[in-house]
Amino acid sequence: MPAAPSRTLLARGRAIPLGPRTLIMGILNVTPDSFSDGGRSAAPEDALANARRLVAEGADMLDVGGESTRPGHTPVEAEDEWARIAPVIGPLAAEAGVPVSVDTYKASVARRALEAGAVIVNDVWGFARDPDMAQVVADYDAAAVVMHNRDQVDESLDIVADMLAFFERSLEAADKAGVKRERIVLDPGIGFGKSFPQNLSAVRRLAELRVLGLPLLLGTSRKSLIGKVIDTTPAERLPGTIASNVIGIMAGVEIIRVHDVAAHVQAARVTEAIRDAS
C-alpha cells in the first residue's frame with residue numbers, strides 16, 4: 001500500500017510535515033503508576049532525562065502525560081495531574097527542539113500545558129468527555145489528537161463503524177469550536193473500550209478510517225493486545241509492538257506513538273523503504 005499523501009499538521013505556528021516519513025511520538029509518562037514502566041519518569045529530573053534520551057534516539061515529538069489512562073486506572077484530580085507535568089512541560093517546550101504534546105482529557109490541564117509551551121493536545125476521549133476541550137484547542141490554535149474511546153466494551157459492534165460515528169461527532173464538536181481540520185489527527189484508540197478481537201480488527205482495518213480524510217496516529221506500544229497474543233510483560237513487548245506498527249506504516253499512518261524510539265526509527269525507515277519501492 002502506498003504512503004499517505006504529504007500534508008501539514010498545524011500546531012500553534014508550527015507546520016509539522018506529515019507524509020512518506022512516519023513521525024515517531026515518544027511517550028513520557030510522568031506518573032507513579034504507568035503500566036509500561038512502573039513510574040520511571042515520575043520525578044521531574046528523571047522525566048527530563050528520559051525526554052532528552054528519546055529526542056536523541058530520534059523522536060519527532062514528545063507526548064507528556066500526568067495521569068495513567070490504562071484500563072482500570074485510578075483517576076486523578078486536575079490539580080494533581082498538573083502538578084506532575086508542570087515541572088516538565090515548560091523546560092521541554094523550551095529545550096527539546098521538537099513539538100511537545102500533552103496527554104490529557106481535561107480542558108483545564110490542556111490550557112495550562114498550552115500556556116507553558118505545548119503545541120498539541122492528545123485527548124483520549126476525542127472531545128467527548130470534557131465539553132470545554134475543543135474550545136481550548138481552538139483558543140490556542142493547537143493541534144489535537146482525537147482518540148476513539150468507549151466507556152464499556154460491546155463485542156457486538158463493528159468497531160470501525162463505531163469509530164467512524166464517534167469521529168464524526170468529534171469533528172462536529174471541533175467545527176463548532178473552530179478547530180480547523182488541518183489541526184486534527186485521528187487515533188483508533190487501541191486498547192480503549194474494545195475487546196481483543198476488536199483491537200486486532202482496528203489495526204487490520206486502519207485504511208478504512210481514511211474516508212474521513214485526516215491523518216492517523218497509531219498507539220500500540222507495550223499494550224495488552226500484544227500480551228494476549230504472546231504472554232509477556234509490558235517490558236517484553238517490543239517485538240510485538242514493532243510488528244503492529246509495521247502494519248500501521250504499511251497502511252500509511254502518519255504518526256506512531258511509542259516507548260522505544262530508537263528501535264522504531266529503524267523499523268519505520270526500513271518499512272517505508274520497502275513500502276515505497278518501485
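This is a predicted model: local features need pLDDT of at least 70, side-chain atom pairs count only at pLDDT 80 or more; totals for chains, interfaces and linings use all residues.
## Briefing on strands, helices and selected residues

Strand 1 (residues 7–11) and strand 2 (residues 14–18) run antiparallel and are joined by 5 bridges.

**The hairpin of strands 1 and 2**

- Within the pairing of these two strands, Arg 7 stands opposite Leu 18, which belongs to strand 2.
- The hairpin has 2 residues between its strands, and there Arg 12 takes a positive phi near 55°; this backbone angle is found at Arg 12 although the residue is not a glycine.

**Val 146 in strand 7**

- Val 146 is placed in strand 7, which spans residues 143–147, and is buried, with a relative accessible area of 1%.
- When residues up to four places away in sequence are not counted, Val 146 touches Asp 123, Gly 126, Phe 127, Phe 167, Ser 170, Ile 184, Val 185, Leu 186 and Asp 187.
- Val 146 and Arg 12 are 134 residues apart along the chain, and their C-alpha atoms are separated by 17 Å.

**Helix 1 against helix 2**

- The axes of helix 1 (residues 44–57) and helix 2 (residues 78–95) come within 10 Å and cross at roughly 30°; the two helices are therefore roughly parallel to each other, because angles under 35 degrees are classed in that way.
- Helix 1 and helix 2 cross in the right-handed sense, and their contact is made by Pro 44, Ala 47, Leu 48, Ala 51 and Arg 52 on the side of helix 1 and by Pro 87, Val 88, Pro 91, Leu 92 and Glu 95 on the side of helix 2.
- By class, the residues of this contact of helix 1 with helix 2 divide into 8 nonpolar, no polar and 2 charged.

**Helix 2 against helix 3**

- Helix 2 also meets helix 3 (residues 107–116), their axes coming within 9 Å and crossing at roughly 20°, which makes helix 2 roughly parallel to helix 3.
- The crossing of helix 2 with helix 3 is right-handed; helix 2 contributes Ala 78, Glu 79, Glu 81, Trp 82, Ile 85, Ile 89, Gly 90 and Ala 93 to the contact, and helix 3 contributes Ser 108, Val 109, Arg 112, Ala 113 and Ala 116.
- The contact of helix 2 with helix 3 holds 8 nonpolar, 2 polar and 3 charged residues.

**Arg 222, another positive phi**

- Arg 222, which is not a glycine, has a positive phi of about 60°, and its place is in the loop between strand 9 and helix 7 (224–229).

How values were computed. Residues are numbered from 1 along each chain as its sequence is written. Side-chain values use heavy atoms; hydrogens and water are left out. Helices (H or I, at least four residues) and strands (E, at least two) are DSSP runs, numbered from the N terminus. Buried means under 20% relative accessible area, exposed over 50%, partly exposed in between (1.4 Å probe, protein chains only). Contact means heavy atoms within 4.5 Å. Two strands pair if DSSP finds at least two bridges between them. Axes are lines fitted to C-alpha atoms, for helices over the stretch in contact, and angles run from 0 to 180 degrees between N-to-C directions. Angles under 35 degrees count as roughly parallel, over 145 as roughly antiparallel, 65 to 115 as roughly perpendicular and the rest as oblique. A crossing is left-handed if the near helix is turned anticlockwise from the far one by less than a right angle, and right-handed if clockwise. Ala, Val, Leu, Ile, Met, Phe, Trp, Tyr, Cys and Pro count as nonpolar, Asp, Glu, Lys and Arg as charged, and the others, Gly among them, as polar.
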